[in-house]
Amino acid sequence: MEERIKEKIARIVGPENLTDKLIDLIAYSYDASPKSGRPDLAVWVESTEQVSKLLALADQERIPVVARGAGTGLCGLAVPARGGIVMDMARMNRILEISIPDRLAVVQPGVVYANLQKALEPHRFFFPPDPASGQMCTLGGNVGTNAGGLRAAKYGVTKDYVLGLEVVLASGEVMRTGTRTIKSSSGLDLTRLFVGSEGTLGVVTEITLKISPLPNEKTTAMASFDRLEDAGEAVTGLMHSGVIPAVLELLDKSTINLFREHSDLDLPAVEAMILVEVHGNTPDDVAFQMNRVAEVFRSCNAREVKVAQTEAEAERLWLVRKSIGGLTGKISVSQAPEDVTVPMSRITEFLRRCEGISRKHGLLILNYGHAGDGNLHPNVMFDRTDPDQVARLEKVLTELHELAVDLHGTLTGEHGIGLTKAAHMHLEHDPVAMRTMRAIKHTLDPHNILNPGKMDLD
Ligand SMILES: Cc1cc2nc3c(=O)[nH]c(=O)nc-3n(C[C@H](O)[C@H](O)[C@H](O)COP(=O)(O)OP(=O)(O)OC[C@H]3O[C@@H](n4cnc5c(N)ncnc54)[C@H](O)[C@@H]3O)c2cc1C
């Protein structure tokens with residue numbers, strides 16, 4: 001990058017708030033995916049005004065700009081694929097307002113997810129999406145990816161909570177979208193357009209979020225099934241039961257075997273396990289819901305249904321789900337955690353066909369994930385130092401994406417598209433939809449400076 005441009009940037013953010021040191025640029029080359037791309041410069045921004053001036057300059061000079069939260073994205077989202085400037089949003093980390101009467105919180109994008117929860121807890125409120133990376137990831141990143149989590153089955157995902165945004169466009173213009181009201185039917189829904197746009201349409205500088213009252217009570221249960229088909233029936237059966245579980249997680253046989261062979265947790269030799277959590281306001285309420293859930297599990301031939309009687313027991317049951325990430329490292333050098341999503345009625349078919357893909361290419365796929373919303377996490381075990389395995393992995397990923405789309409699902413339930421799935425956008429979106437997305441991108445960012453190379457939008 002030319003010195004004269006660096007000088008202009010230094011005048012905007014202050015010379016101490018930018019870096020072109022190799023060690024910093026290498027750190028900003030990565031997110032939590034295997035992808036990388038080195039920026040020419042990284043800057044720490046502190047205000048909307050700075051973001052606006054920086055984007056206006058970058059647009060004039062045709063320099064790519066990548067907004068970065070905590071860099072925990074799993075698809076090469078914040079990786080600067082075409083160099084340019086990484087705009088680190090971490091210092092814009094103030095919670096500007098919590099209004100219980102209006103049921104909302106206004107935050108800057110660099111606020112870490114868990115810090116908002118901490119601030120809401122004394123009010124007995126929460127922001128429900130609950131990504132597993134919540135201790136690290138930022139709300140700006142959550143908006144960028146439309147993040148979700150374990151509780152999406154009942155509470156939905158980030159897009160269900162974003163009421164309004166302040167966004168800086170590529171031109172440097174500042175735009176407000178949405179409202180401070182829970183409802184609005186006014187105009188085109190620009191807020192939703194930006195949620196999940198992966199920093200390709202604008203840089204979010206303020207977020208107005210709907211918040212929800214914390215449930216008073218919760219209960220957990222675990223059920224095991226000798227046949228995968230019975231577990232699939234149980235998931236769809238629950239949908240008929242009138243109970244919407246807050247969390248509904250499924251573990252397949254490969255994942256259960258991982259525990260049986262590599263942990264002290266004593267899991268039965270079954271084809272599938274389901275973990276469920278229900279939320280309610282009174283002990284009777286949750287007991288009623290859990291009885292219905294247990295009835296459904298038993299009617300679907302569950303070998304065993306364990307309902308936690310104490311919080312400690314519930315924690316022991318959840319330990320299984322929480323330990324998966326740590327255990328996979330014991331059996332594989334590298335992993336490709338996917339997040340394809342299928343209609344709940346197609347989960348069993350997805351898992352069976354996944355087993356076929358695994359056999360065909362000789363790579364182990366562990367399947368676990370959010371059965372309550374069809375968002376599975378087929379995690380492919382491979383060795384990235386072995387070119388043959390890497391080539392087979394590419395085939396596996398392509399076939400997993402094709403399978404999800406074939407079952408009327410989607411390439412991604414929560415992680416996003418970024419670099420890793422960009423080449424498969426056409427599988428899910430028809431040519432007219434792709435043309436429309438590119439036209440929107442071109443209108444908002446005519447010089448393609450905002451996170452170029454992502455989502456196949458160029
Ligand atoms: C261990 C682990 C567990 C995870 N679990 C989950 C999970 O349960 N659910 C889930 O959804 N994800 C999960 N993720 C993925 C990741 O945490 C989420 O995608 C998260 O939303 C990314 O937030 P971030 O702050 O790290 O954003 P980054 O990775 O820095 O950026 C993500 C995207 O958002 C854009 N962006 C960031 N800030 C802004 C802004 N201010 N304006 C415009 N665009 C912006 C970036 O350009 C990029 O495209 C997990 C990741 C890890 C490593």
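Predicted model: local features only at pLDDT ≥ 70, side-chain atom pairs only at ≥ 80, totals over all residues.
Student: Let's start with helix H4; which of its residues are buried?
Tutor: In H4, which spans residues 113-120, the buried residues are Tyr-113, Ala-114, Leu-116, Gln-117 and Leu-120.

Student: And how are they placed around the axis of H4?
Tutor: They lie on the same side of H4, because the arc they cover around the axis is only 155°.

Student: What does Ile-98 touch, leaving out residues up to four places away in sequence?
Tutor: With those left out, Ile-98 touches Leu-104, Ala-105, Ala-119, Leu-120 and His-123. Leu-120 is also among the buried residues of H4, and although Ile-98 and Leu-120 are 22 residues apart along the chain, their C-alpha atoms are separated by 7.7 Å.

Student: Why is Ile-98 classed as partly exposed?
Tutor: Its relative accessible area is 26%, and the partly exposed class runs between the buried limit of under 20% and the exposed limit of over 50%.

Student: Switching to sheets, what is the strand order in the one with S16?
Tutor: That is an open sheet of 3 strands in the order S16-S20-S17, with antiparallel pairing. Strand S16 (334-337) and strand S17 (365-366) stand at the edges, each with a single partner strand, so one side of each has no neighbour in the sheet.

Student: How many bridges join S16 to S20?
Tutor: There are 4 bridges between S16 and strand S20, residues 379-382, and Pro-337 stands opposite Asn-379 in S20.

Student: Do S2 and S4 run parallel or antiparallel?
Tutor: Strand S2 (residues 41-44) and strand S4 (residues 85-88) pair in the parallel sense over 4 bridges, and the bridge partner of Leu-41 in S4 is Ile-85.

Student: Last topic, the surface: which residues make the nonpolar patch of about 350 Å²?
Tutor: That patch is made by Leu-188, Leu-190, Leu-193 and Ile-440. Leu-193 is found in helix H7, residues 190-194, and is partly exposed, with a relative accessible area of 31%.

Definitions and conventions. Residues numbered from 1 in each chain as written. Heavy atoms only, no water. Buried < 20%, exposed > 50% of the residue type's maximum accessible area, 1.4 Å probe, protein only. Helix = DSSP H or I, 4+ residues; strand = E, 2+ residues; numbered from the N terminus. Arc of directions from axis to C-beta. Patch = residues over 30% accessible without salt bridge, like charges linked within 9 Å, V, L, I, M, F, W, Y side chains within 5 Å. Areas by Shrake-Rupley, 256 points an atom, 1.4 Å probe, with all protein chains shown as cover. Salt bridge = Lys/Arg side-chain N within 4 Å of Asp/Glu carboxyl O. Contact = heavy atoms within 4.5 Å. Pairing = 2+ DSSP bridges.
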